[in-house]
Amino acid sequence: MTARLPAQRACGPADSARPGPSRDLYCIELFPTEQALGAVGTAQLDWVPGPFTVSVTRDGTQQFNVRFSLRGLPPLPRGGAAGYVAWVATPTMSHIDRLGTVGPGETALGPVAMDRFVLLVSAEPDTAARLRRGPLLLRGESASNRLRPPDLFQFAIGATGGTMPPGEHQHMAMEDSLGWTGVPMPPGLVMLPAEMALRPAEPAWLPAPVAGTPTARAPEVLALGNGDTLRLEAGLVLRTIGGRSYTMFGFNGQQPGPLLSVRQGTEIVVEFINRLPLPSTIHWHGLRLDARFDGVPGTSQQPVAPGERFTYRLRFPDDGIFWYHPHVREDIQQDLGLAGNILVQPGEPTWAPADTQAFLILDDLLVGETGLVPYGRDSPTHAAMGRMGNLLLVNGEPAWTTHVRPGERLRLFLTNAANARTFNLSLGDGVPLELIGADIGPFEHPVSVDHVVLAPAERYVVDLRFPRPGRYPLLNRVRGLDHLYGRFFGVVDTLGFVEVTDGPVARGTGGPGDDGTVRPSSRASDIRAILARGADAPMRQLELGVSFEGLPFISERLMRLDSIYFQPVEWAGTMPGMNWATLASQAHWRLRDLATGRENHAIDWHFPAGSLLRLRLVGARDVLHAMQHPIHLHGQRFLVLAVGGVPNTDLAWKDTVLVPAGGTVDLLVDLSNPGPWMLHCHIAEHLGAGMMTTVTVEE
Ligand code: C2O
Ligand code: CU
């Protein structure tokens, strides 16, 4: 394989010129026991290669391959079967699993899928034995194991500064002078009094209801041909969920917006009309289009004022599943429902035809006792981890349903339009999913998976079949982390159902050639050709970090305590109060060019069109709040070469990639499309807090 970036290791020597994954999070020091005083070792937690840059099990538990590196081991007991064996155990040692034999030097074992664990190395008289009997030589614990239940200091701090009068708990629904009521608490979690008293220092904003606002309709499918013009109007819609009505936004009265279906190579015109109470634009996420129509205020156009219009000319050089959304205050506009899909069909079919196709736009909405939790009027709230909703939606509905027959090929096009939430989707009891496509077209080799990890703005295409009738739930299964009690917990949300009912298979969109296999990707040669050219492409490194300013004492102290450990992905909103009250004006999320130290818009990279770039994204660990970032580059496409230095073997063209907290991702970027293009985090509140730069590709 070519185009690989220089090696990087969590357990390797620190190299500031070539930073790797965080040693603190992804390298376990192994300490010797009295039986092995001269022994030293480390265990590196490596990415388990696969189609997603974060590797979890179907239930959402983080998993790693473990690379042991051992020296100075004492002599083995006599006997032909003797050897060194590595074990993984729960922190209490209530459960111990044999990982495999190890020796001096390096041994890769795993995967290990546990929230918190300890690693042991022993000398065994019989290496095949399932139970540990020999002397313990080395041991170490996962970083997650540093979390300890209630920390007195934390409680003491949480109890101070609480300005809340007695009885406030019951009156959280009352508005304060800036228009805020309380923020809802995830079930089973506790907020400290001082955290409960936090409010964003910013006026609250929600769209005012207007009489005669239409009820949101489901998206229509619009097949558009070369030269066609589409009129797309953003405006208010009403949506009723669980008996409550919300004033939200839609395109052409639809939520999600209409599904645009075009052929690769087509050009269309979109007449955008803004009937929102806010300025707006439309960004065509993932398209390698003309930069003048990219929809970025300040870079490609002026914001479209309420009542005004703008004409976009779109072209579709790539096939795949794309989407469109505003690029102004995404934390409000995208969150209130402004998102739609674009299906670009390849000139030559890449995939066997499906019997049924379904397009799923995943989202979440934050709802409190009195309705939608308002947005910050002039600055996004939730600027720590992003606004996580408590109502999970597919296509704007809490219980999406589709119907298929047994044996039919169902194709799901998945798009994550949430502000901040990363999903871990699965169907029923682990129905096998054939993962055939990513953001921009097919995988080189389709792969069978039982779950799909989908960060904001990412897309995946999966095929599946149900042999038997039944009702199969679409689930989001993740692990939450209660920092206050140092406790991991499972969260399962049902997003909808696939109803499989008996009857003849309707060969819908069919056509000849459905032999049950997915054809090899015609794009594979394209991918290989770019890889071959990538070996000597220039390399740049961007660090993803944050600093805060003017936080309330309580938020600052709690964040500092929480920084003992960070999950690779924050899957669930488990610190709602201080996250909510943190404004984008207090959080300086940044991209930093490691060569120059420049940040965000000061970076100002220029490259010639037709060149390639090796880009390493480095998640900073030593910041007050480290977390994952879905990084998106406009108007170009890239390949994921490696995660944490472990090469990727599941290649597909992408435009958005999830960088785990304290982790690294290496990309090969194909800079084919001239123009000024945004590179940014797709967590709406991080973008709102400035986590962006412009990459200029020169003609
Ligand atoms: Cu989907 Cu710059 O965004
Ligand atoms: Cu981010």
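Reply: About 25500 Å² of the protein chain is accessible surface, and carbon and sulfur atoms hold 53% of that area. Such areas come from the Shrake-Rupley method with a 1.4 Å probe, and for residues only the protein chains shown count as cover. The model is predicted, with local features needing pLDDT of at least 70 and side-chain atom pairs counting only at pLDDT 80 or more, while totals for chains, interfaces and linings use all residues. Residues are numbered from 1 along each chain as its sequence is written, chains are lettered from A and ligands numbered from 1 in the order in which they are written, and side-chain values use heavy atoms, with hydrogens and water left out.

Of the 699 residues of the protein chain, 62% are buried. Buried stands for under 20% relative accessible area, exposed for over 50%, and partly exposed for what lies in between (1.4 Å probe, protein chains only). The protein chain has eight helices and 43 strands, where helices (H or I, at least four residues) and strands (E, at least two) are DSSP runs numbered from the N terminus. Its radius of gyration is 26 Å, close to the 27 Å of the globule rule for 699 residues, so the protein chain is as compact as a globular protein of that length. That radius is taken over C-alpha atoms, and the rule is 2.2 Å times the number of residues to the power 0.38. Along the principal axes, the C-alpha atoms fill a box of roughly 85 × 70 × 60 Å.

Among contacts with a separation of 6 or more in the protein chain, 77% join residues 24 or more positions apart; a contact means heavy atoms within 4.5 Å. Tryptophan 180 sits in the loop between helix H2 (152-159) and helix H3 (193-196), and is buried at 0% relative accessibility.

Some backbone details can be found elsewhere in the chain. Glycine 110 and proline 111 are joined by a cis peptide bond with omega about 5°, and proline 111 belongs to strand E6 (residues 105-112). Another cis peptide bond, with omega about -5°, links glutamine 255 to proline 256; proline 256 is in the loop between strand E12 (244-251) and strand E13 (259-263). Asparagine 395 is not a glycine, yet has a positive phi of about 50°. It lies in the loop between strand E23 (391-394) and strand E24 (400-404), and is buried, with a relative accessible area of 14%.
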